[in-house]
Each structure stands twice: as structure tokens, then as C-alpha cells.
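Let's take a walk through this protein chain together. Keep the sequence and the 3D view open, and look up each residue as we get to it.

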Amino acid sequence: MKKTSSRRKSISGLMVSSKAVVAVIAVVALLITLTLVGFSASFDSSPSATIISTQTATVLDGLTKTITVGGGGNGSFGINPEQIYADSNESIVTLQGVVTSGNGLIPSESVLGSGFVVNSSNQYYIVTNYHVAGSTVNLTVTFADGTSYPAKVIGSDPYSDLAVVSSTGVPSSEYHPISVVSSSTLQVGQYVVAIGNPFGLSRSMTFGIISQLGRTIQDPTAGNFSIADAIQFSAPINPGNSGGVLVDANDFVVGITTAVVSGSQGVGFAIPSDTIIRELPYLISSGSYDFHSYLGISGVDMNYQLAKATGTNYTYGVLIENVVPGGPASQAGLKVGSQTVTINGQQYLIGGDVIVSVNGTKIVDNDALASYLAQNTISGQTAVLGVIRNGSIADLNVKLGTRPSIG
């Protein structure tokens, strides 16, 4: 991982679409380079006592189930990887195809990734990443028994790196759907497993924990917009795992594996299952999801040095450095500063508004702002931004817009 002299956590960087078994590159806070891929490791458990509790969960197929949290004595970490794999591995498929350049001058390149089968309204679909299937032609899907069929994308959302694939002429016996449960109750330290196709090694499983929640990554397929509310986890991942599952101890999908920090050991990211649950009906019915809210700003995370330079006591929040002309923030009157300062070798534009809350919820940094907007707002809604302006706090009403089309 490259070090940077900047302390800013602005979301910028570069990802490259996955070619053959080469995964997509992404960037998360602190200009970390990510590779969109999956995991490759093994885990051996031994019996031990565990704490057992139960809760109910509504899964993607609309059912409400009572589940056991902690695995009920299923291994030394309250999770039974062997049983999870036995129950889940046949749900994982391999997706392959080619990508060609728009001008036809660059030769076609192979794409390989993962996907998983879900049941929605008594129909079978395959969920994967947009960067795996979104611009892929001659797409095929290979099921657990090795049989392959032609496939096509019926819906996609590059802003969330999601795509839905279907295939015709496939006997129902090939489909082994897996349930998707809300990711809203996930906790840091919770054990998870990942299953996918690293380097084409079909249905490989790895084991780890949730390292943090609410991360923000950036995929070039999403333009300059960040993918918010990502799950950071420790299971090792490799090229080809993109589009695979992140599964909890109860054999439910809680995320779709998407990215890993290039050169790291066990720093991976997954799109949360709440995003899948929210978008899947629209992707199936209309082919797209058009409700991402749009604020129209870019900024950097506040810190002690910035607070001192700007003369405020607020060491958290998002300092606005740019407002898109004519965008929602511009129309609401959010301000950008005009003074440039250099802190630890990095230039900042200070004097503008600092966002410290949205609808009364504290905003500590860009990750928190992006995650709140993704989880709690849609385009057309009005949000109340708490901002620090000239040393005083003020509330501004902003009517959130719709993100512009990519490309």
C-alpha cells in the first residue's frame, strides 16, 4: 500500500475493468489502490462452546425466518465453515465473456468473475458486479455441475457496481438459490466467509471477520461518484472473486465481494446486501436504478490541523472545496472558500462551509456523509444539512437531485 503525505480522505483514484483473471482496480479513503476481486485462504476449526441467541430476519425472497446468531456450537468461532460451504457452494456460478473497445481498435479481452443465484418472485436470477458483466459481451454462465449456458444482463447499476443476469433454457435443477438478508445488523468482529472463483478456481471459500462498516470506495464505472457503505472484511481475496458472496454464520448473503487493497493482506470490500435488496426489484423490472441522491459537492475530511487553520473548534465533518454549478448544493447556497493553505505538504481550500450533520445525524467524514445519503435518502427528497459557516452553525435545506448519466 502506498503511503501519502496527505491526511485528506477525499475519495479519488483509479480502477480498471477486470480482464480475464485480472480484477478491477479501486480506490478507497487515503488514496488506497483497490483491486476488485475476491479471497483465497482456508480455515480449520475445532469444537468449542459458543454463545447462542436468536433473531428474526427477512430475506430477499420475502420470507421471515428465525435464525441462530453465533452458530450454536458450530466450531471454535461460533461458525461452521464446513456446513456453510456445503449449503452455499452450489449457489455460486462462474461468469465469462469478453470486452471490446468502443472503436474496435483494441482487441477483445477475456473477463472472468463470480455470481450467485437468487430467487425473486419465484424467478431465478444471478447477481454479480457491474464491472464483471455490465459491459461484457458473449456472456456465459457456468453452474456447479460444470454445465454452461449463454447469459445476458437484464439490469445494472454502475453507481453500486451491481448487475443482474438471466439465462434461458436452463433446467431448474441447475439453480440453487441462496437467501440474502439485511446487512443492517452487521457488527465489526463478526465472522464471515467468502465464496467465489479466484483465478478461475471455482467455488473456493475463505474465512475472516468484518473489519469495519461504512467504508467508501470508488470504481471508475461509477464515474466520479463513490460507492458508499461498503463492508471491509479480512478474508483474503483474489482476481476472479468479484461478484461472489460474503456469507454470515447463518448461511445468509450479507454482501457481494467487490474489491481488495492491492498488495495488502486481508483488506477487502463488499457491497452490502441492503443495497442488493433495495435495488434488485428495479433492476429486474426496469433494467436500472435511478434513485441515487445527488448533492453536488466535493470536499475533504476535517481534522485538527484544518480546524486550527480555519479557526473553528469542529475537528470533524466535511469541508466543502467544490460546489457543482447549478447543482442541488449550489441552489441551496452552500459556500466554497477562497483561501489556499498547505498542511503537511497538501493544499486545501479553506473558508467554505463544513457539513457536520444531515437530518440531525452527525457526519464525521466523507464516508459517513456518503453512507448516510445512500442508506437514508433518494433523489427528490429534501435534506437538512447542518453546516459550520464563519464559526457558527446553520441549517440549510437542500433538495437532493438525481445523479447525471455516466458517459
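## Starting with a strand pair

Find isoleucine 297 and look across to its bridge partner in E20, valine 323. Isoleucine 297 belongs to strand E19 (residues 297-301), which pairs with E20 in the antiparallel sense over five bridges. A word on names: helices (H or I, at least four residues) and strands (E, at least two) are DSSP runs, numbered from the N terminus. Two strands pair if DSSP finds at least two bridges between them.

Strand E20 covers residues 318-323, and five of its six residues are buried. Here buried means under 20% relative accessible area, exposed means over 50%, and partly exposed is in between (1.4 Å probe, protein chains only). E20 also pairs with strand E23 (residues 354-358), in the antiparallel sense over two bridges. In that pairing, valine 318 stands opposite isoleucine 355 in E23.

Residues are numbered from 1 along each chain as its sequence is written, and side-chain values use heavy atoms, with hydrogens and water left out.

So what is pLDDT? It is the predictor's confidence in each residue, from 0 to 100. The chain's mean pLDDT is 82, and 79% of its residues reach 70 or more. Where pLDDT is low, the predicted coordinates should not be read in detail.

## The chain as a whole

How many helices and strands are there in the chain? There are six helices and 27 strands. Of the 407 residues, 51% count as buried. Now take the contacts (heavy atoms within 4.5 Å). Among those between residues at least 6 apart in sequence, 62% join residues at least 24 apart.

## Two nonpolar cores

A nonpolar core is a set of buried Ala, Val, Leu, Ile, Met, Phe, Trp, Tyr and Cys residues joined through side-chain atoms within 4.5 Å. The largest one here has 29 residues, and those with the most contacts inside it are Phe116, Val118, Val127, Val245 and Ile256. Strand E16 (residues 253-261) gives this core its largest share, four residues. Another core lies apart from it, with 18 residues, among them Leu295, Val318, Ile320 and Leu385. As background, nonpolar side chains tend to be buried together in soluble globular proteins.

## A helix with a kink

Next, find helix H3 (residues 273-285). Its 13 residues reach 19 Å from the first C-alpha to the last, close to the 18 Å expected at 1.5 Å a residue. That expected span is 1.5 Å times one less than the number of residues. At glutamate 279 in H3 there is a kink of about 45°, shortly before proline 281. The bend at a residue is the angle between axes fitted to the seven residues ending there and the seven starting there.

Which residues of H3 are buried? They are Ser273, Thr275, Ile276, Glu279, Leu280 and Leu283. These buried residues pack against several strands, including E6 (109-120), E7 (123-128) and E16. After the helix comes glycine 287, whose phi is positive, near 85°.

Strands E10 and E11 run antiparallel and are joined by five bridges; in E11, alanine 163 is the bridge partner of serine 156. The two strands form a hairpin with four residues between them, and aspartate 161 in the turn has a positive phi of about 55°. Is aspartate 161 buried or exposed? It counts as buried because its relative accessible area is 0%.

Asparagine 122, in the loop between E6 and E7, has a positive phi of about 65° although it is not a glycine. Asparagine 122 counts as exposed because its relative accessibility is 71%.

Threonine 136 is in the loop between helix H2 (130-133) and strand E8 (137-142). At 11% relative accessibility, threonine 136 counts as buried. Threonine 136 and valine 99 are 37 residues apart in sequence, yet 5.1 Å apart in space, C-alpha to C-alpha. Not counting residues up to four places away in sequence, threonine 136 touches Gly97, Val98, Val99 and Val111.

Definitions and conventions:
This is a predicted model: local features need pLDDT of at least 70, side-chain atom pairs count only at pLDDT 80 or more; totals for chains, interfaces and linings use all residues.
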